[in-house]
Amino acid sequence: MPGSSSVRPRVPQHVLALVSLLSIFALSGFFMFAHEMSSGLGRSSSSTADPPPVLLLEEERFAAMVSNTEYLPYSDPGYKLLRQGLPPPGCDASSAELLIFMYDLPSEFHYGMIRSSPPAAGPANFPHNASDIPLYPGGQVYQQHSAEFWLTNDVLTSNMPDRRTPCTAFRVEDWQSADVVFVPFFASFSYNRYSSVGAKPRELQKQQNNRDLELQQKLVRYLKMQPAWQASGGSDHVIVAHHPNSMQHVIRSDVLHSAMFVVADFSRYESSANRVANIIDKDVVAPYKHVIPSYVDHDRNTSFHDRTTLLFFQGALVTKEGGIIRQKLYEILKEEPGVHFETGNTQSNGFHSAMQGMRSSKFCLYLAGDMPSSNHLFDAIASHCVPVVISDKIELPFEEQLDYTEFCLFVKSTDAVQKGFVVELLRSVHRTEWTKMWNRLHQVDLHFRYQHPTQPDDAVNMVWKSISHKVPSVKFLLHKRNRYKRSKPTSFSAQL
């Protein structure tokens, strides 16, 4: 029409905004689809495996430290841990349960007893590298009480740069930042080398006895001069005296009575009635080192029938503490079918017969001997032979962490000497119950294995855990005694 004009309808603003937003989403989706397609085509032309991730700077540092290469090999266990987001293997203060300060004692107190001269490189007191640590002497007498050696090795290497295995304890350089102070004295080795009665001329025996006593006296003088000892009275100090006759001068005189001792059991602590009454709260029981190698059962399904002997025992009948019971049990059990009970030991030819006997038996008899404890219990555990424990006063290692009734049978000595009691008890154990205990032995035998390098939850680390459990009570007593130290000028050693 003349004089008129056409007017377009006006689009609302919110509609335009909606259209624009939808357009953006559509374009984004298109580009993402195109990117995925191109990536897929690129992968199809090469290997379908994901490329190895790039190591971070910390991982590069770890790789260079442990393998002297820029990166860990893809087959290395440490690399697999890194890919899983787990910390690399090794030992450091942040991951350790126990921080330890170790005295820099002269080598005559530890490794110097094993070899006549210090290593060619490094400081004179301790080996500079793990490879410089001397081999511990063989033989049952030395090996079974060698806890001091394995614990010292672990502390010594815990802060070395080439340490790859995890740790429970870590060595620090400042005693004030430590949980405990470790005294690296090979007390059991000193006793066995210098004091143990053997085929020695009388004059030489006397001279060597004096040497062991001299080392103990020198150790006491050294400790009394240390600020760490003076600050705590020694209550946070750890001394390994595993052989029952080691450190007897120190123990009987009570000059170091406040320290935490690592022992085989508590039977020889007769000098102080008060100390014996409280020793379980303060000291730590460590296992003997078993002399029979750990047994690898290849067939886990036929072991009950394969172990044809019901009960096995091989050991001395005449002992200081348990000789009467051993003799009575021998008379009761020697003619029982399925029971192997003979005198002998685990040295020389007796070692092989004991090993074969334990590995072919369902139950292994453990009897109190010169002391309530001995390495026979741990030989049985290593052989996966269910221990039958007849030792009323025995104290067991790691009992705050382990329930021994899951893999041992305990019999009171008064019951054991009743004719027929032990054999009837064992024959009443059903195959299912025995197999459950046997399987548990497979799970726990690592806890009683001393070795270097250590593994998580082996004997070395279990001892450290037992010590770490004592730390809160030690600190509690120290803090309590420190309340009035400004008002009462009495030394800590007099109060402890």
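What percentage of the 496 residues in the chain is buried? Buried residues come to 47% of them, where buried means under 20% relative accessible area with a 1.4 Å probe, counting protein chains only. Keep in mind that this is a predicted model, where local features need pLDDT of at least 70 and side-chain atom pairs count only at pLDDT 80 or more, while totals for chains, interfaces and linings use all residues. Residues are numbered from 1 along each chain as its sequence is written, and side-chain values use heavy atoms, with hydrogens and water left out.

**The whole chain**
- You'll find 20 helices and eleven strands here; these are DSSP runs numbered from the N terminus, with helices (H or I) having at least four residues and strands (E) at least two.
- Of the contacts (heavy atoms within 4.5 Å) with a separation of 6 or more, 67% link residues 24 or more positions apart.

**Strand 4 and its neighbours**
- Strand 4 covers residues 237-240: His237 and Ile239 point one way, Val238 and Val240 the other, and all are buried.
- On one pairing, strand 3 (residues 180-183) runs parallel to strand 4, joined by three bridges; strands pair if DSSP finds at least two bridges between them.
- Phenylalanine 182 sits opposite valine 238 of strand 4.
- Strand 5 (residues 260-263) also pairs with strand 4 in the parallel sense, over three bridges, and its methionine 260 is the bridge partner of valine 238.
- Getting from strand 4 to strand 5, the chain passes through helix 10 (residues 248-253) in a right-handed β-α-β crossover; right-handed means that, with the strands pointing away from the viewer, the path from the first strand over the helix to the second runs clockwise.

Key:
Buried < 20%, exposed > 50% of the residue type's maximum accessible area, 1.4 Å probe, protein only.
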